[in-house]
Structure formats: structure tokens, C-alpha cells
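Good morning, and thank you for the time on today's agenda. I would ask you to keep the sequence and the structure in view while I speak.

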Protein chains: 4
Amino acid sequence: MDEAAAEVQERVRASFERQGLMEHLGARISHIGPGRVHIVLPSRPEVTQQHGHFHAGATSAIADSAGGYAAFTLFREDSSVLTVEYKINLLAPAEGDHLEAVGTVLKSGRTLTVCRLEVFALQGATRTLVAAGQQTLIQIEARPERRA
Amino acid sequence: MDEAAAEVQERVRASFERQGLMEHLGARISHIGPGRVHIVLPSRPEVTQQHGHFHAGATSAIADSAGGYAAFTLFREDSSVLTVEYKINLLAPAEGDHLEAVGTVLKSGRTLTVCRLEVFALQGATRTLVAAGQQTLIQIEARPERRA
Amino acid sequence: MDEAAAEVQERVRASFERQGLMEHLGARISHIGPGRVHIVLPSRPEVTQQHGHFHAGATSAIADSAGGYAAFTLFREDSSVLTVEYKINLLAPAEGDHLEAVGTVLKSGRTLTVCRLEVFALQGATRTLVAAGQQTLIQIEARPERRA
Amino acid sequence: MDEAAAEVQERVRASFERQGLMEHLGARISHIGPGRVHIVLPSRPEVTQQHGHFHAGATSAIADSAGGYAAFTLFREDSSVLTVEYKINLLAPAEGDHLEAVGTVLKSGRTLTVCRLEVFALQGATRTLVAAGQQTLIQIEARPERRA
């Protein structure tokens, strides 16, 4: 898979590190390509629901962030990204060693960008699609990000 | 607002306590009515995005849980609830002392239930609608929940 | 229910009449309020699916238009409205004398507007909620509309 | 592309012909594969919105039907399909000679099926993605379909 330009990767990683929630969940970025970002979330009790699987909220949180940063890789340097809305289907119980969320830009516009969201559960060599969604994002003028 | 029957409240609270993610985020249930559940999430750095506001993932996680338990209050005693899908619009920056997610059953069917999702940001006396969504849930035979 | 200003009503009706699809389906506007529009669709074989009920496509088409014009009532005079996306749940079989779609603005922003969509089936004195949804719209500079 | 079994194709076409709306719009099925159905809609004034493009309601109607029949190709012979909900993004103005809606099964379950929806506008040799969505369907016991 293609890697995004170094400057873009740096911008994405710097922003990701300012997201308290991602660190709190234990999520990390595993790939930054042009219009495509992967985020990985290891399994642990802090991200589960009542049956011991990954909570839909955790699954959605990394899907939303993956899509947001996928859009961000194609934005102007002096811009910020906000999620307008997203829709997600939980297709199968999210169980495994870790989740991998993949955000992919479907359509990049001047104001709005639309991403496809996919989340896979990985258990050993098995990779199962556990969630699929679609997201709308808006490009706005950069606003100061909080200090990490 | 009406309170749900004591037995139903107990069932909801017991299940909620088994959700590692809700405890990890610091969320708690503030109201359990028939077909309506409120969940509160106090502000703290662990639930933020890069601008210091509540992360859309945290906002969505409590909205999803509020809708799920709202549906659950109307289910048979020996059943479980799973989120099929949801859609959420982030309407305004989610900033304030805490968030309040409100899940309300719109239509309760034998197999599927549809909920309206709303999330408000509370700052002193101000209550702002920051997210609105809609969710589909399925009633399934009870599956053992993990020990808390 | 409040009526929108005469100038706004005229602008909405003029645009509606240029929608070939609405006329082809037999739909008409029954209410134009500030941030709220109703569209009525009488039952006839041309708008059915395979079981003889209203087709989800017809139900959605009037819901989408009701939301679009609800947003439009709050827009600048020299602007146009485009649907960015919508999500709709089909809650019950859509059968009856006619459908009534209600679009209501939830949040009106400078660029984006979010509407709640509801569709009711009316049979004599009975009014049943058969579809519920949520829609995102964008305000753009006016573009010439086709001649009716 | 794979074709579905003759018996399945026949079942899909028979059901499609009972949809008054599809005939009224002028839509026809152009491909029936296992878990994948294409529907084509030629341009004409009866399916337009106020700017003369295809109306989002027409775009959505064929997308919804394409997904519904894609799911149906994988169902038991004695079953019916109902749309639970769908979400669709309108990505670009839908203009051209005709539209092609493609419904593809993402996940086929015992009760619920999830489809990806895509709509392309075709103008000469150009094929543009104008809408993308996701849909949830339910398999129910066959109910009698109306006579064509």
C-alpha cells in the first residue's frame, strides 16, 4: 500500500496524539496512505461491552477516527477536519486479539468528503469484517489544536 | 419522567456494569424509564479529540448505549440486545461540564426496535443538542454476560 | 402550525413544481412553515412495491423532498439546497389512503442543515408512523432551475 | 460477472414486475448475480428534480431495489425481503443518459442482510459514481405478492 508524503504523515500523527480518547482506549495508527488510514485497537477489558466483545462504541470510535484522518490526508495544510455524520452497521461480534479500522476516501470534494469505513477483527490468521459504514466530513479552516 | 419497574432497572444496571468501556470512559446511567434511558459522561482529558472537545467516538458510545438500554427496558426478561446499526450527526462542538445521551424507543417490534438518539452538552444552566441519530437494534435470546 | 412568509412559500412552491418526479408520483405540498414542510402522496398502483404497499422509494422520495424544502425555508433568497445524505428506517408497512411526509429542521447552520424526517400513513382517522429518518443538506449559491 | 441460477433470476424478475413504482419510473433490471443486482433507469423529465438532474428520490429508489433484490438472490425460496433501513450519500449531480444502481451483499445472515449500494451516472463512455450507501434488510416468511 502507498504511504502518504512524510509531511502529511507527520501532520496526521501529531493530531492523533492530541486525541485523549484514542490514547485512553489504547488505539494507534498503523498505516497512513493518501486517502486511506488504518487504526489498530488491541483487546482489553477496558474496551468491552457486556458479553466481553469489543464495545460498538470502541469499534465506532476507531472507525470514525480512521475515516477522519483518511480525509485529512487529502486536505490543505492549513485546514481541520470535522465529522459531519456517520452510519455504521455492526455485522458480527467483534472478538479477537485486536481490531483494525480502515478509513478510505470515496469522494473528496472542496467542502465535503465521504469515506467508507470498515472494521476487521483479527484473531491469529483470521480477519473478519465486523463493521461497515459510511461517513461525511467537512474541511474547515484550521483551528488551534490543544497541546498534547 | 416515568421510572421503569424496579426489576427492569436492576437488569439494565447489572448489564451496564459489565460494559468495561462505559466504566473506562467514566459514564454512568442517570435515568431508566420504559423505553427511555439517559447516560451521563463528565468531561475529562481521556474523552477528548484534538481540539479538546468530547471525541465523536465518546459521544457516539454513550448514545449507542443509551439507545441499546432504552430498547432493552421493553424486551423480554430472557433476552439480550444487540445494535444492528446506527447513524449519528455531530451538530455542534461537544464542549461542557458533561454530556447527557438520551435514547428513546421510536418503534418496538418483535424482532427489531428503532431508537432516536440525542446527546446534549451541559455547561452550567445551558443545554445544547450536540448530536442526533437513529439506531436499529435486535432482540436475541439471552447470551451469558461476562462476570463484572 | 405556523405558516412561512408568503415570499418563502412562493419560492418553495415554484421549486417544487420544477421537480418532474414529484408530479410524476402525484405528490403535492400540504404545509410550508418556517423550518417545516409537509408533502402528501395519494395511494395508486404507480407508487407500490411487490406487496401492493407504498414502495420504500416513494416513501423516501417524499421524505427527502419534505426535508429539503424545510431546510430551504430558512435559507437565503439567492441560494439553492442539495441533499448531502439521508438515512431512513422503514418502520411498518406503508399502506393507506395516502402518505404524509414531514420534514423538520433540527439544526440550521451556515453551510449545513440537519432535518428530521417522518412519514405517516393515513387510513381514515388512523395515522401511523411508517418511516423515520435523518438528513443532511447543504446550502449553495443559487443555480438556475430548469423551466417547468 | 456471474449470473444467478435461472430459478433465482425468474423469482427476482417476477417480483420486480409487481413493483408498480419501478415500471412507473421506467427502471429495468440489467443483471442478476448471486448477491448482486443491477438496475438501470433512463433519463426523462418524469424522474428529475428542480435543476433537471435525476431526483435523489429516483436515485434512491433504484438503489434500494437493487440492494433488496441482491439480498433476495441469497434467500430461501419461500421467503420475502423487506428493507429495514438504508443510508445514502448523494456524491455528485446525477446527470447523464441513464443511471445504473448496483446492490451488493456485504454480509448475509440468517435474519438480517447488509448491502452496499452504488449508483453510477452514464453519459457516453463516462461512468461517474453519483451515490453510495448502505442498507439493512430482513428475511421474512413469504407473503403473497399482488398480481401484476
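Let me begin with helix α3 of chain D, residues 56-72: its 17 residues, at 1.5 Å a residue, should span 24 Å, and its end C-alpha atoms are 24 Å apart, so the two values agree. The expected span here is 1.5 Å times one less than the number of residues in the helix. Helices (H or I, at least four residues) and strands (E, at least two) are DSSP runs, numbered from the N terminus. In α3(D), 17 of the 17 residues are buried, so this helix is largely enclosed by the rest of the structure. Buried means under 20% relative accessible area, exposed means over 50%, and partly exposed lies in between, with a 1.4 Å probe and protein chains only.

A word on conventions. This is a predicted model, in which local features need pLDDT of at least 70 and side-chain atom pairs count only at pLDDT 80 or more, while totals for chains, interfaces and linings use all residues. Residues are numbered from 1 along each chain as its sequence is written, chains are lettered from A and ligands numbered from 1 in the order in which they are written, and side-chain values use heavy atoms, with hydrogens and water left out.

I turn to the interface of chains A and B. Here 43 residues of chain A are in contact with 42 residues of chain B, contact meaning heavy atoms within 4.5 Å. The two chains bury about 3200 Å² between them, and 53% of that is on carbon and sulfur atoms. Buried area is the accessible area (1.4 Å probe) that two parts lose on being put together, summed over both. Of the area that chain A buries against chain B, A:H24, A:Q50 and A:H51 supply 22%, more than any other three residues.

Between chain A and chain B there are 20 residue pairs in polar contact, both residues being at pLDDT 80 or more. A polar contact is a pair of N or O atoms within 3.5 Å; within protein, one must be able to donate a hydrogen and the other to accept it, and residues adjacent in sequence count only if both atoms are side-chain atoms. On the side of chain A that touches chain B, the elements giving two or more residues are α2 (20-25), α3 (56-72) and β3 (79-90) of chain A. The most comes from β3(A), with 11 residues.

B:Q50 is placed in the loop between β2 and α3 of chain B, and it is buried, with a relative accessible area of 6%.

Which residue of chain B forms a salt bridge with A:K87? The partner is B:E85, and the closest N and O atoms are 2.7 Å apart. A salt bridge is a side-chain nitrogen of Lys or Arg within 4 Å of a carboxyl oxygen of Asp or Glu. Both residues are buried: A:K87 has a relative accessible area of 0%, and B:E85 is also at 0%.

The interface of chains B and C takes 14 residues from chain B and 14 residues from chain C. These chains bury about 1200 Å² between them, 49% of it on carbon and sulfur atoms. B:K87, B:L91 and B:Q134 supply 40% of the area that chain B buries against chain C, more than any other three residues. The count of salt bridges between these chains is 2. In one salt bridge, the side chains of B:E85 and C:K87 meet at 2.8 Å, N to O. A network of salt bridges also links A:E85, B:K87, C:E85 and D:K87.

Over all chains, the count comes to 24 salt bridges. Within chain A, the side chains of A:R127 and A:E100 meet in a salt bridge at 2.6 Å, N to O. A:R127 lies in strand β6 (residues 126-141) and A:E100 in strand β4 (residues 98-108) of chain A, so the pair ties together parts that are 27 residues apart in sequence. A:R127 is partly exposed, at 44% relative accessibility, whereas A:E100 is buried, at 12%.

Is B:Q135 buried or exposed? At 0% relative accessibility, B:Q135 counts as buried. The side chain of B:Q135 makes a polar contact with the side chain of B:D64, at 2.8 Å.
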